[in-house]
Amino acid sequence: MSDDLQRKLQSELTNFKTVQKELQKAISTRQQLDGQLNENEIVKEELNLLPTDGKVFKSVGPVLIKTELVEAKQNVSKRIDYISKEVKKVDDLIASLEKKQDVHREALQKLQHQLQQAQVKAALQA
């Protein structure tokens, strides 16, 4: 009985650690997306400060290419929309992983309690 509980406990612990790693990866991705979103918001604000005949250059590899202000604003807006959608996806993933983590944590606690009870019983019978 005790060996079976220990195997279950070890398996549950492995699952818990896997979910923890996935959660950390998702949080890291979320932080990167936040950085990108902030950068693009700043670019959008800067573009809004330019006069309608202002010059905008886009970096393509080692070359700067002149771009129309309207096109640059559209590109930045599209990027912001895309990043916002990705943030939403990652937020949903984080919420899901946190729920999984809670389920595994509860299962671990139950198994630890059962294992302690089994050890107490074994000690009393000895």
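1. Contact means heavy atoms within 4.5 Å. By that rule, the buried residues of α1 pack against α2 and β1 (56-60). Helices (H or I, at least four residues) and strands (E, at least two) are DSSP runs, numbered from the N terminus.

2. This is a predicted model, in which local features need pLDDT of at least 70, side-chain atom pairs count only at pLDDT 80 or more, and totals for chains, interfaces and linings use all residues. Residues are numbered from 1 along each chain as its sequence is written, and side-chain values use heavy atoms, with hydrogens and water left out.

3. How far apart are the end C-alpha atoms of α1? They are 70 Å apart, which agrees with the 70 Å that 48 residues should span at 1.5 Å a residue (the expected span is 1.5 Å times one less than the number of residues).

4. Buried means under 20% relative accessible area, exposed over 50%, and partly exposed in between (1.4 Å probe, protein chains only). The buried residues of α1 include L5, F16, L33 and L47.

5. A nonpolar core is a set of buried Ala, Val, Leu, Ile, Met, Phe, Trp, Tyr and Cys residues joined through side-chain atoms within 4.5 Å. The largest one has 16 residues, and L33, L47, V56, I83, I94 and L97 have the most contacts inside it. Two or more residues come from each of α1 (2-49) and α2 (69-125); α2 gives the most, with nine. Apart from this core lies another, of six residues, including L9 and L108.

6. Leaving aside neighbours within four places in sequence, L33 is in contact with I83, E86, V87 and V90.
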